[in-house]
Amino acid sequence: MHQRDRFGEDGIGPSWFRQGVPRWRERVRGPWLAALALLLVLPFLAGLLPIVRFVRERIDITLEPDEILVTGRYVYRNPWPFPVTQGLTVPLPVDADHPMPTELTVTRLIPTPVVLPVRTLLGQVIAEVPFGPNEEILVGVRYRQHAPTREGRYLLTTTRPWRRPLEDAMYTLRVEGVGLVGSNYALERIAPGSWAFERTQFMPPADWRFAWEVPDPSRTE
Amino acid sequence: MPRIGTMALVLALALTVQTRVAEANQPPGPQLLLAEVSLLPLMILLSLAGGAYAVLRAMHPGARRWTFLRGTGAVLAILVSGASGGIAFVVAAIFGVLALQRGIQMVRWGLRARASIERSTHLAVASPRRLLPAGTGLIALTILLLGMVLAFAGYWPVGEGPRQESLRRFVAYQLAVAREEQARIGRARFRPIEADRPPQSTCPVRLPAGARAEYTPDGSGFTVLMLPTTRFPFFPYNYLTSQPSYRADGKGKIRMIPVHDRSTACPANAPVVAQVSDAEIERMQRLLPGMGECP
């Protein structure tokens, strides 16, 4: 039987099959090539895979009677020989006992200090950081969070989407007029009122949880 | 439609629409770029769905609509636009115009194919049932995505952190003043400070931008409402974003709700996001003697 294929050519089956030679160019051309090429870059552009690398972090948390003050410093590295812009969401632990943090600032500290504007999109706080070729950038994030239940959480597991462990990570906890009650990561006392833990090649298995109490003045000796 | 191509397209589109912006610390990529990278797969998919490529091949039998160079060019344009929001904006506009052109073309082909019994050669393969909905859909979705690009291009609220600090300082000052008054005259009384201070005023405490204070007549209470100051993206894109609207009171409580326009005030029963502490009030009390005269 004689029929017309979808390219308007005579014969049975696609042209490359009929001709006996796999004309891959015929098959690969057109929209398919564009779609496949897009497929390669989309995971990066869509945020499923990071473009830059998250190398190090240092988190300093100050505990006050009903509040925590978080200061984070994050080092990112652009491994590519061309400039890129990396979008970053700022992980904020919000739940029934912990309202939205206030006084949030995101700052690029190195190479040149500049305040980075942030915008909320679909409930997530997002900043964009431009990187030069092979550039390493230090970003600082600072916020306060009301914590009337006197327990706090810092999101560590959000390192996982970066798909590589942190080369170095340091976490400190300082108390101001309160007493530390507990932490799910073992802490070492580094100074009066200050504790810390440090890791290398760190892929956090869990978020950091800690609790504190306000000493009862009537029980002071 | 070749199966591998179909799968690639579906996967590409799925990756685009499943952008996991919501995941914390997940680098989501610039929003302009997201709209931009969505435009091409969308155009390809709807062109295939509408049968536009068959019509194009019939119109230009010898021409290759997509060559290796064109495909590479498109990918390179996307990559380069990742370097800055400005380039992304231009590339998104170009992709948008191309997608709109294709959509309009498809609708025109569809209408002509439906209207004429004697079809021209290139419309012999056209199916109005496929071309019209796909073309209309492409136009509508392109307008939506381009609107997103336009709406968010310059939308970066600035100075929220310092404004919130300023509000907290204002409340701490008022509570410190009230304590001093309590000690002096036996009754807590706040000091009215308006947004616009007299030019000769040396008062270092001021209401943050976008805030207004209301005082009870006897000075025993006050409420500060602090509304967003940054202009929102135009409707309906303002509902994709939010800015905080605050309310502070004489008990030192600061409440907040996220809002989608600049006129929504925070209600009195909103969640408390901060409480000015005793330590802050005491620190402010120590500073009061050195402060200038406040009205």
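Biologist: Which residue is the bridge partner of A:Thr120 in β7(A)?
Modeller: A:Val125 is the partner of A:Thr120 there. Keep in mind that this is a predicted model, in which local features need pLDDT of at least 70, side-chain atom pairs count only at pLDDT 80 or more, and totals for chains, interfaces and linings use all residues. Residues are numbered from 1 along each chain as its sequence is written, while chains are lettered from A and ligands numbered from 1 in the order in which they are written.

Biologist: How many bridges join β6(A) to β7(A)?
Modeller: There are 4, between β6 (residues 118–121) and β7 (residues 124–131) of chain A, and the two run antiparallel. Two strands pair if DSSP finds at least two bridges between them. Strands (E, at least two residues) and helices (H or I, at least four) are DSSP runs, numbered from the N terminus.

Biologist: What's in the turn of that hairpin?
Modeller: 2 residues lie between β6(A) and β7(A), and A:Leu122 in the turn has a positive phi of about 50°.

Biologist: Which strand of chain B does β6(A) pair with?
Modeller: β3(B), in the antiparallel sense over 2 bridges. A:Leu121 stands opposite B:Thr241 there.

Biologist: And what does β3(B) pair with in chain B?
Modeller: β3 (residues 241–249) pairs with β4 (residues 253–259) over 6 bridges, again antiparallel. B:Gln243 has B:Val259 as its bridge partner in β4(B). In this hairpin 3 residues sit between the strands, and B:Gly252 takes a positive phi near 85°. β4(B) also pairs with β5 (residues 272–275) of chain B, antiparallel over 3 bridges, with B:Arg255 opposite B:Val272 in β5(B).

Biologist: Back to chain A. In what order do the strands of the 3-strand open sheet come?
Modeller: The order is β9-β14-β11, with antiparallel pairing. β9 (151–154) and β11 (179–183) stand at the edges with a single partner strand each, so one side of each is left without a neighbour in the sheet. The average twist from one strand to the next is 25°.

Biologist: Which residue does A:Gly182 partner in β14(A)?
Modeller: A:Ala211. β11(A) and β14 (residues 208–213) of chain A are joined by 4 bridges.

Biologist: Switching to helices: how far apart are the end C-alpha atoms of α7(B)?
Modeller: They're 37 Å apart, which agrees with the 38 Å that its 26 residues (160–185) should span at 1.5 Å a residue. The expected span is 1.5 Å times one less than the number of residues. After α7(B) comes B:Gly186, with a positive phi near 80°.

Biologist: How do α7(B) and α8(B) cross?
Modeller: Their axes come within 8 Å and cross at roughly 70°, with α8 at residues 278–287. That makes α7(B) roughly perpendicular to α8(B) (under 35 degrees is roughly parallel, over 145 roughly antiparallel, 65 to 115 roughly perpendicular, the rest oblique). Axes are lines fitted to C-alpha atoms, for helices over the stretch in contact, with angles from 0 to 180 degrees between N-to-C directions.

Biologist: Where is confidence lowest in chain B?
Modeller: In α1 (residues 3–17), at a mean pLDDT of 42, while β4(B) is highest at 95. pLDDT is the predictor's confidence in each residue, from 0 to 100. Chain B averages 80, and 79% of its residues score at least 70. Where pLDDT is low, the predicted coordinates should not be read in detail.

Biologist: And what does the model score?
Modeller: ipTM 0.75 and pTM 0.77.
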